[in-house]
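User: I'm new to this one. Could you walk me through it, a question at a time?

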Amino acid sequence: MTAPGPPGTRNGSGPAAPAPWTEGLELTGEQRAAQAGFADFAARVVAPYADRWDREERLPGEVVRALADSGHLGAVVPADQGGSGLDAVTFGLLNEALGHACSSVRSLLTVHSMVARAVLRWGSRALRDRWLPALARGTAVGAFALTEPEAGSDVAGLRATAEETSGGYRLTGGKRWITCGQFADVFLVFARCPGGPAAFLVERDTPGCTVEPVTGMLGTRAAMTGHVDLDGCEVPAEALVGRVGFGLNAVAADALETGRYSVAWGSAGLGRACVEAAARHAATRRQFDRPLAQHQLVQRLLTEMAVGTGAARLMCLRAGRLLGSRDPQAVEAVWAAKYAAARSAFRAAADAVQVHGAHGCGPDSPVQRLLRDAKVMEIIEGTTEIQQTVIAQSVVRELAGPAKGPVPSENRGAHDDAR
Amino acid sequence: MTDTSQPQARESIREFLGRHLSGYDIGDDENLFETGYVNSLFLLQLVVFVEETFGLEVEDGDLRRENFCSVSALTGFVAGKQAAAGAPPQP
Ligand SMILES: Cc1cc2nc3c(=O)[nH]c(=O)nc-3n(C[C@H](O)[C@H](O)[C@H](O)COP(=O)(O)OP(=O)(O)OC[C@H]3O[C@@H](n4cnc5c(N)ncnc54)[C@H](O)[C@@H]3O)c2cc1C
């Protein structure tokens, strides 16, 4: 690839003009300015290379550095702690811009932000002093290591263990499908202690920690996924994040909320990329003596895509505003936004391929990447089905009133707090 | 910010829990997490509620079951944090 220019430089194209998409959202002047900056960054540094990275199944170091240099990797860390301290809506807009350009890059932002958030929120002072500046500057990249061979949606099945030693903990277990696992400097690892689940920050070069690259993924192929194995990794006592017993319901739940919010906006961005590609193709490709866009069944596809994506985006915005005002209802709003955005992104991507016909299936078409990436959005940070069980439960609680009995064990267990 | 005197604190905690326990009428000393009525998103909401309602910060060292497990525990936790932060003394 051509190395992306450093942030703040231009490779010809200026900041994207505010699209009609930005209207009616009641963003502040600062949020709009930030949005234009994100669109510019994504258009210069990410979008032109996304298909190539997808084919090569890797993200070059330059893009990670460009994200770091622009302050994007410190987005969730407050300015007084070395980050860029974006408000929740602005952080959402960043995810949207990156999700529009490349879901693998957005995934990097997601998992790194989850780790930064966990350290910020639940790290001890010593841990924050040690890691927060590097995570905020992006000189250390974080990855989130929860999933195991036997523990996917149901993280109550967590088998990794952490034994207390004289100076800290000894971790043993296997973590699977870890986004950015191939290059992250530090992993937020969840393991079981005698006192309950706990979270630890484990440096990549800790003896006993090995990473096996996973290639040939369906989607987010450039996110450099890895399987991480811990074989008696010794970590100091300060590596504990939060307290033993609160690894899942506080540390993971908090990080996953950040992750879910990031994926929600990223999916909205992906959906928008689908609408744009389909609209352009439908306007130019002619069949039966007219552009595809003049065939009513194609119009229906375009309508569904545009309206679905627009609606999902409003749900993301609502979630962002509730998060920004620290409303306890934000938790449910984020679940709903991620559910709506991931589903509508997948439908939009499938429809975008449909509108493109064979052109959408060919090796050079971005929409085939968008379709593969969109499927992943329905699996990460809570599968569509897990979200359906959790959302239904809160809908019933809210709308059907009191006492219908205890929460079923599958909803009460850790699986929904984990994804 | 809510009135921080203890009876009011207890009342607003009960009110918040009432909304999250599917109408289950919890006793002041009953263990919340053993009722089977809360899902695992609940602690996150509880922490945000406590921080925003009582203007305090739940820190990593506060993550102890005994701080969150019941209405009485939460009320005591809030009073303790407020006292430590130099808030007006509890009645
Ligand atoms: C690209 C990618 C990146 C990932 N990155 C990370 C990462 O960085 N860190 C990490 O820890 N993990 C990561 N994961 C793992 C991801 O979090 C899990 O895949 C996800 O939690 C689902 O678990 P599972 O794949 O084991 O599926 P399973 O839990 O085995 O589920 C399989 C199917 O059964 C359904 N199902 C399961 N339980 C129920 C139920 N109770 N009711 C109804 N349906 C149910 C699911 O919805 C799904 O359709 C990643 C996965 C992918 C694909």
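**A hairpin and a domain contact**

Analyst: Let's start with the hairpin: three residues link S2(A) to S3(A). This is a predicted model, where local features need pLDDT of at least 70, side-chain atom pairs count only at pLDDT 80 or more, and totals for chains, interfaces and linings use all residues. Residues are numbered from 1 along each chain as written, chains are lettered from A and ligands numbered from 1 in written order, and side-chain values use heavy atoms, without hydrogens and water.

User: In what sense do strands S2 and S3 of chain A pair?

Analyst: Strands here are DSSP E runs of at least two residues, numbered from the N terminus, and two of them pair if DSSP finds at least two bridges between them. Glu164(A) sits opposite Tyr169(A) of S3(A). With four bridges between residues 161-164 and 168-178, the sense is antiparallel.

User: Which domains does the assignment give chain A?

Analyst: The bounds come from an automatic or database domain assignment. Chain A gets domain 1 (20-137), domain 2 (142-246) and domain 3 (248-400).

User: Which residue forms a salt bridge with Arg221(A)?

Analyst: A salt bridge puts a side-chain nitrogen of Lys or Arg within 4 Å of a carboxyl oxygen of Asp or Glu. Two of them cross the interface of domain 1 and domain 2 of chain A. For Arg221(A), the closest N and O atoms are 3.0 Å apart, and the partner is Glu57(A).
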